[in-house]
Amino acid sequence: MYVRQFMTAQVFTVGPDKSIADTMALMREKKISKLPVVEKGKLVGFVTDGDLREVSPSPATTLSIFELNYLIAKTPIREVAIKKVITCHPDTQIEDAALMMRDHKIGGLPVIEEGKVVGIITGSDILDAFLDIMGFRSPGQRVTIETKDQIGVMSDLALVTKEHEVNIGSLAVYHLKDNKVQILARLQGDQVDEVEKSLDKKGYQIKK
C-alpha cells in the first residue's frame with residue numbers, strides 16, 4: 001500500500017508572502033488544517049493551524065485590537081512557516097509515511113514528485129489506510145483466531161475456508177507474547193460458523 005492510494009491530491013497551497021490573516025482565512029474557507037508554502041512551484045515551507053495558533057497574540061497581550069489586526073494582516077506567512085519540511089513520495093509505503101510522522105511528531109506530510117507538490121497525506125489518511133487493511137468497511141464477519149506462531153497456520157486457515165466456500169476479505173496478524181499471534185480475519189460467506197468450528201477442532205482459539 002502506497003501513499004498515492006490515500007493522499008489528498010487536490011492540494012491548496014499558499015505563497016510565502018501571503019499574510020497570516022490571509023492564510024488563516026484560506027484554511028477556514030477550505031476547512032483544512034495544513035498548507036504547503038510554495039514559491040515558483042517549489043516547496044519552501046509548511047504551516048499548520050497549530051503553528052498559527054502559537055503565533056497568534058494571547059488575550060493577555062497589551063496590544064490594542066487595531067495593533068493585533070495590523071500585525072496579523074502584515075506579517076507574511078514565511079515568518080512562521082516551518083522551513084525544514086519532512087516530505088515523502090507518492091510511492092512511499094504507507095507504513096513508512098506513518099513512521100515518519102510518528103518519529104517527527106507531525107500530523108502530515110507534503111507529497112513531492114519531480115520537485116512538485118502533488119498531494120498531502122495526514123494522520124487521518126493513515127487511519128483510513130488502517131481501517132481498509134482491517135477490512136472495517138468491507139462486508140463479512142470479523143473473526144479473531146489465537147494460536148502459536150508457527151509454520152502451517154495460514155495453510156490451515158486457507159484450507160478450512162476453502163472447504164466451506166468462505167472468502168477471506170481481509171487478514172492481519174498481531175504478535176503477542178509467549179510466541180503467540182492473533183489473526184484478525186474478515187470472512188465472507190454463509191458458513192463462517194462452520195469455519196470457526198473446524199478451526200476450534202484443530203486447536204485454534206476463536207476469540208469473540
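Eight bridges join strand β6 to strand β7, and the two strands run antiparallel. Strands, like helices, are DSSP runs numbered from the N terminus, a helix (H or I) having at least four residues and a strand (E) at least two; two strands pair if DSSP finds at least two bridges between them. The structure is a predicted model, in which local features need pLDDT of at least 70 and side-chain atom pairs count only at pLDDT 80 or more, while totals for chains, interfaces and linings use all residues. Residues are numbered from 1 along each chain as its sequence is written, and side-chain values use heavy atoms, with hydrogens and water left out.

Strands β6 and β7 form a hairpin with four residues between them. In the turn, aspartate 178 has a positive phi of about 60 degrees. Within the pair, histidine 175 stands opposite valine 181 in β7, and serine 170 stands opposite arginine 186 in β7.

Contact means heavy atoms within 4.5 Å.

Alanine 172 is placed in strand β6. With a relative accessible area of 15%, alanine 172 is buried; buried means under 20% relative accessible area, exposed over 50%, and partly exposed in between (1.4 Å probe, protein chains only). When neighbours within four places in sequence are left aside, alanine 172 is in contact with Met134, Gln182, Ile183 and Leu184. The C-alpha atoms of alanine 172 and tyrosine 2 are separated by 17 Å, although the two residues are 170 residues apart along the chain.

Threonine 161, in helix α7, is buried at 3% relative accessibility. A polar atom of the threonine 161 side chain lies 2.9 Å from the backbone oxygen of leucine 157, and the side chain of threonine 161 also reaches the backbone oxygen of alanine 158 at 3.0 Å. Not counting residues up to four places away in sequence, threonine 161 touches Val166, Ile168, Leu187 and Val195.

Arginine 186 lies in strand β7 (residues 180-188). Arginine 186 is buried yet has no salt bridge, and the nearest side chain of opposite charge, aspartate 132, is 10.0 Å away. A salt bridge is a side-chain nitrogen of Lys or Arg within 4 Å of a carboxyl oxygen of Asp or Glu; in assigning charge, Lys and Arg count as positive and Asp and Glu as negative, whereas His and the chain ends are not counted. A polar atom of the arginine 186 side chain does lie 3.2 Å from the backbone oxygen of glycine 140. Beyond neighbours within four places in sequence, the residues in contact with arginine 186 include Met134, Phe136, Gln141, Asn167 and Ser170.

Side chains of opposite charge can pair when their charged atoms come close. A search of the whole structure finds nine salt bridges. One of them joins arginine 4 and aspartate 91, with the closest N and O atoms 2.9 Å apart. Arginine 4 lies in helix α1 (residues 3-6) and aspartate 91 in the loop between α4 (65-74) and α5 (94-104), so the pair ties together parts that are 87 residues apart in sequence. Arginine 4 is partly exposed, with a relative accessible area of 40%, and aspartate 91 is partly exposed at 42%.

Aspartate 132 meets arginine 137 in a salt bridge (2.9 Å, N to O). Aspartate 132 is partly exposed at 38% relative accessible area, whereas arginine 137 counts as exposed at 51%. Lysine 197 and glutamate 194 form a further salt bridge, their closest N and O atoms being 3.7 Å apart. These two residues are separated by about one helical turn, because lysine 197 and glutamate 194 are three residues apart in helix α8. Salt bridges that share partners also join Arg4, Asp91 and Glu113 into one network.

Definitions and conventions:
A polar contact is a pair of N or O atoms within 3.5 Å; within protein, one must be able to donate a hydrogen and the other to accept it, and residues adjacent in sequence count only if both atoms are side-chain atoms.
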